[in-house]
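Please go through the fold described below, from its sheet to its helices and its core.

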Amino acid sequence: MKKLKIIKSTMLPLNMSNVDTDQIMPKQFLKRVERSGYGEYLFYDWKKDPDFPLNNGLYKGAKVLVAGDNFGCGSSREHAPWSLLDFGFKSIIAPSFADIFYNNCFKNGILPIKLDQQKVDILMNEAENKNDVSVDLENQKITYQNDKTIEFEIDAFRKKCLLEGLDDIGLTLQKNKKIDVHEEKIHSIQPWIV
């Protein structure tokens with residue numbers, strides 16, 4: 001997982017509530033076994049509408065998605081955050097997220113930020129006006145219009161994992177010496193266990 005510290009980018013406005021994982025990543029594209037290559041199918045059915053924000057070239061390269069309430073609801077498919085990350089999104093800002101989707105974001109290197117509706121509305125307006133934003137994970141603040149800031153909360157452990165680029169495998173590998181010691185101990189007691 002890549003380290004995440006500061007994201008400077010335009011924002012893509014998706015002013016919709018209850019965007020579910022079936023809309024983020026439609027079922028017909030779930031046949032692949034690898035975790036990459038899903039970005040081109042992100043919001044596949046919605047991209048057929050020429051007015052869908054993802055089709056607006058002014059948002060090309062946006063790394064921050066600003067969305068409505070209950071983002072990522074529906075099925076628990078991990079392909080939804082895979083597609084968002086593969087497309088280039090590094091952070092999603094919304095008033096609330098579906099719990100499984102929210103957890104899957106952290107496990108895949110995406111920073112989901114929960115803010116109250118008033119603050120999301122401010123950022124949605126900034127996004128619709130194609131203004132840049134800076135998301136500073138280390139200092140837990142979003143800067144817009146160069147000097148205005150919005151602070152956000154994040155669990156300290158999840159923050160550490162994103163800052164250091166640690167997914168579940170990376171966390172396990174940090175314990176490699178302890179695992180080796182434990183295996184040696186077990187093998188010395190019960191040598192038939194390999």
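Which residues point one way from strand 2, which point the other way, and are they buried or exposed? Val 64 and Val 66 point one way, Leu 65 and Ala 67 point the other way, and all are buried. Buried means under 20% relative accessible area, exposed over 50%, and partly exposed in between (1.4 Å probe, protein chains only).

This is a predicted model, in which local features need pLDDT of at least 70, side-chain atom pairs count only at pLDDT 80 or more, and totals for chains, interfaces and linings use all residues. Residues are numbered from 1 along each chain as its sequence is written, and side-chain values use heavy atoms, leaving out hydrogens and water.

An open sheet is built from 7 strands in the order 4-3-2-1-5-6-7, with mixed pairing. Strand 4 (111–114) and strand 7 (148–151) are the edge strands, and each pairs on one side only. From one strand to the next, the twist averages 30°. Strands (E, at least two residues) and helices (H or I, at least four) are DSSP runs, numbered from the N terminus. Two strands pair if DSSP finds at least two bridges between them.

| Strands | Bridges | Sense |
|---|---|---|
| Strand 1 and strand 2 | 4 bridges | parallel |
| Strand 2 and strand 3 | 3 bridges | parallel |
| Strand 3 and strand 4 | 4 bridges | parallel |

Leu 14 stands opposite Ala 67 in strand 2. Leu 65 has Ile 92 in strand 3 as its bridge partner.

Helix 2 (residues 79–87) packs against helix 3 (residues 99–107) at an angle of about 45°, with their axes 9 Å apart. Axes are lines fitted to C-alpha atoms, for helices over the stretch in contact, and angles run from 0 to 180 degrees between N-to-C directions. Helix 2 and helix 3 are therefore oblique to each other. Angles under 35 degrees count as roughly parallel, over 145 as roughly antiparallel, 65 to 115 as roughly perpendicular, and the rest as oblique. Ala 80, Pro 81 and Leu 84 of helix 2 meet Phe 101, Asn 104 and Cys 105 of helix 3. Contact means heavy atoms within 4.5 Å.

**The cores**

The largest nonpolar core has 50 residues. Phe 43, Phe 71, Leu 84, Phe 101, Leu 111 and Ile 142 have the most contacts inside it. Such a core is a set of buried Ala, Val, Leu, Ile, Met, Phe, Trp, Tyr and Cys residues joined through side-chain atoms within 4.5 Å. A second, separate core of 5 residues includes Met 25, Phe 29, Tyr 38 and Tyr 41.
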